[in-house]
Structures are given as C-alpha cells and as structure tokens.
Amino acid sequence: DRQRTFAMIKPDAYTNIGKIIDAIYLNGFKISKLKMSRFTPATAGVFYGEHKGKPFFPNLQQFITSDVVVGMELVAENAIDKWRQLIGPTNTAVAKTDAPDSLRAYFGTDGTKNAVHGSDSNGSVKKETAFWFEGNPSDRPMKTT
Ligand code: CMP
C-alpha cells in the first residue's frame, strides 16, 4: 500500500542533500514535506526519547545537535521498509560490508554518524512527523557562518 515515512538527513550528510534527494526520486519515492532545522539537546531528547539512558545517547545527542538536519516526509508503496532498505544497516561499517549501495555506506562515517534516519514503524512515523513539522520548538534561523 501507499505509505508515508519520516526520513532525516543528519548533520554529517546535509551537504550531500542533492545526491540524497536524487537517490530518493530515482528509487521511486515522492517528497511530500521537507524542512531544514536544528535540534537542541532538549528536543533531541524528545525525538530520540526511546534511546535516553542508553550508553550511546550522549554521543548521539552531541552529534545530532552539532549542525542542521533535514526532515522529510516520503511517500511510496511500502515506504517504511523501502526507505530502511535504501539507507542500510544502522552502523556505517556494517552498511559498507553488507549493503555497499546503501545511503549509509555512501555517506556515513561510523556507528553514530550514519548520515540518515528512517522511522521503524507506523507509530514512529506519526510521532516523528508531527514532532518535526508541527512541534519542534527549536526552530530558529540557520547559522551560516
Ligand atoms: P538512528 O536510526 O537515527 O536511531 C538512533 C541513532 O543513534 C542511530 O541512528 C545512530 O545515529 C545512533 N547510535 C549510536 N550508537 C548506536 C547503537 N549502538 N545502536 C543504535 N543506534 C546508535
């Protein structure tokens, strides 16, 4: 069925936005919403609430607040799984060996700096899309220095 997912280009990859958007359209997705903004430590804690308290959370919070990110709502048949297939395994090193044509293999750096995010369920799609497009209180002008 035609489905929506929430996708995000992370701080390590937003300068590759052109190539990533090319890959999105070449793989049959449509972009229905797109917004560039930033996380603060507090909003990162809301978005990644399920990871709060995990050992990697401090690194994730530091990384995700380090620069701008681009959140998108994507539409396609089976969009949630299709997008997770295109981005590849969470850990970039695993992506490079197991899914060399994935976006994380191309644009990621390591286990934390993995270029892109994709919702893992319908519930996450609703929560993350609403947060990014309606509820993100950290919206503010980009620093472009
Ligand atoms: P993402 O799919 O956005 O979801 C949680 C993020 O936490 C993940 O991508 C990585 O950026 C980061 N992360 C760092 N270490 C881990 C880990 N061991 N397991 C899962 N996610 C991790």
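**Briefing: ligand shell, core and fold of a predicted model**

The residues of the shell around the ligand divide into 2 nonpolar, 6 polar and no charged, where Ala, Val, Leu, Ile, Met, Phe, Trp, Tyr, Cys and Pro count as nonpolar, Asp, Glu, Lys and Arg as charged, and the others, Gly among them, as polar. This is a predicted model, in which local features need pLDDT of at least 70 and side-chain atom pairs count only at pLDDT 80 or more, while totals for chains, interfaces and linings use all residues. Residues are numbered from 1 along each chain as its sequence is written.

**Ligand surroundings**

- Around the ligand stand His51, Phe56, Leu60, Thr90, Gly111, Thr112, Asn114 and His117, a residue being near a molecule if its C-beta atom, placed from the backbone, lies within 6 Å of it.

**Overall fold**

- The protein has 7 helices and 4 strands, and from the N terminus on its elements run β-α-β-α-α-β-α-α-α-β-α; helices (H or I, at least four residues) and strands (E, at least two) are DSSP runs, numbered from the N terminus.
- A compact globule of 145 residues would have a radius of gyration near 15 Å, and the 14 Å of the protein agrees with this; the radius is taken over C-alpha atoms, and the globule rule is 2.2 Å times the number of residues to the power 0.38.
- Along its principal axes the C-alpha trace spans about 35 × 35 × 30 Å.
- Of the contacts in the protein with a separation of 6 or more, 70% are between residues 24 or more positions apart, two residues being in contact if their C-beta atoms, placed from the backbone, lie within 7 Å.

**Nonpolar core**

- Buried residues make up 34% of the 145 residues; a residue is buried if 20 or more other C-beta atoms lie within 10 Å of its own, exposed if 12 or fewer, and partly exposed in between, with C-beta atoms placed from the backbone.
- The largest nonpolar core has 31 residues, and those with the most contacts inside it are Ala7, Met8, Ile9, Leu74, Trp83, Leu103 and Val116; such a core is a set of buried Ala, Val, Leu, Ile, Met, Phe, Trp, Tyr and Cys residues joined through C-beta atoms within 7 Å.
- Among the elements that each supply at least two residues of this core are strand E1 (2-9), strand E3 (69-77) and helix H7 (122-135), whereas H4 gives the most, with 5 residues.
- Leaving aside neighbours within four places in sequence, Leu74 is in contact with Arg4, Thr5, Ala7, Ile24, Phe29, Ile31, Ala79 and Trp83.

**Helix H4**

- The buried residues of H4 are Ala79, Ile80, Trp83, Leu86 and Ile87.
- Seen down the axis of H4, these buried residues fall within an arc of 135°, so they line one face of the helix; the arc is that of the directions from the helix axis to the C-beta atoms.
- The buried residues of H4 pack against E1, H1, E3, H6, strand E4 (116-118) and H7.

**Positive phi outside glycine**

- Asn78, in the loop between E3 and H4, has a positive phi of about 55° although it is not a glycine, and counts as exposed with 12 C-beta neighbours inside 10 Å.
- Ala115, in the loop between H6 and E4, has a positive phi near 70°, and is buried, with 25 other C-beta atoms within 10 Å.
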